Amino acid sequence: MTTAFTRVLLALILMTSLTACDKPQGANNKPEVVDPVALGERKARVCMSCHGPGGVSRVASYPTLAGQDRAYLLTQLRDFKAGRRENPMMNAMVASLSDTDMQHLAAYFAAQGE
């Protein structure tokens with residue numbers, strides 16, 4: 001094979017593999033629907049040590065998150081992360097969360113009241 005042909009072939013293989021990783025594929029080769037509530041449930045496990053199973057607090061000093069409005073929860077998480085709302089524990093807990101993580105958490109806890 002010529003060097004130019006090899007480069008083109010490698011480029012095609014690379015482009016194909018990158019585009020194949022774009023979205024998760026289901027068994028029928030269609031993109032999987034990502035369920036934010038399910039993703040939030042996995043991320044919420046650490047929250048439950050203070051806010052209780054499913055976000056239902058057993059301790060008065062920790063608010064119940066289950067059933068709260070999704071937009072409200074998302075705003076509170078963003079405010080903790082930005083430092084607009086101060087609580088040393090919560091500021092530390094949200095420091096590494098992405099906005100997508102916070103959206104999933106808000107979706108999960110909001111759905112617990114449904």
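Guide: Aspartate 101 counts as buried, because its relative accessibility is 18% and the cut-off for buried is under 20%. This is a predicted model, and the values here are computed from it. Aspartate 101 forms a salt bridge with lysine 43, with 2.9 Å between the closest N and O atoms. Lysine 43 belongs to helix H2 (residues 36-43) and aspartate 101 to helix H6, so the pair ties together parts that are 58 residues apart in sequence. Lysine 43 counts as partly exposed, at 28% relative accessibility.

The salt bridges come to three by count. Side chains of opposite charge can pair when their charged atoms come close.

Helix H4 covers residues 70-82, 13 residues in total, and its first and last C-alpha atoms are 18 Å apart, close to the 18 Å expected at 1.5 Å a residue. At its start, a side-chain oxygen of aspartate 69 comes to within 3.1 Å of the backbone nitrogen of alanine 71. After the helix comes glycine 83, with a positive phi near 85°.

The buried residues in H4 are Leu73, Leu74, Gln76, Leu77, Asp79 and Phe80. An α-helix has 3.6 residues a turn, so residues three or four places apart point the same way. The cover over the buried residues of H4 includes helix H5 (88-94) and helix H6 (99-111).

Aspartate 79 is one of those buried residues, with a relative accessible area of 18%. Its side chain meets that of arginine 84 in a salt bridge, at 2.8 Å from N to O. Arginine 84 is exposed, with a relative accessible area of 59%.

Helix H5, part of the cover over H4, contains methionine 89. Methionine 89 is partly exposed, with a relative accessible area of 48%. Together with Val46 and Met93, Met89 makes a nonpolar surface patch of about 270 Å².

Key: Residues numbered from 1 in each chain as written. Predicted model: local features only at pLDDT ≥ 70, side-chain atom pairs only at ≥ 80, totals over all residues. Heavy atoms only, no water. Helix = DSSP H or I, 4+ residues; strand = E, 2+ residues; numbered from the N terminus. Expected span 1.5 Å × (residues − 1). Buried < 20%, exposed > 50% of the residue type's maximum accessible area, 1.4 Å probe, protein only. Contact = heavy atoms within 4.5 Å. Polar contact = N/O pair within 3.5 Å; in protein donor to acceptor, adjacent residues only side chain to side chain. Patch = residues over 30% accessible without salt bridge, like charges linked within 9 Å, V, L, I, M, F, W, Y side chains within 5 Å. Areas by Shrake-Rupley, 256 points an atom, 1.4 Å probe, with all protein chains shown as cover. Salt bridge = Lys/Arg side-chain N within 4 Å of Asp/Glu carboxyl O.
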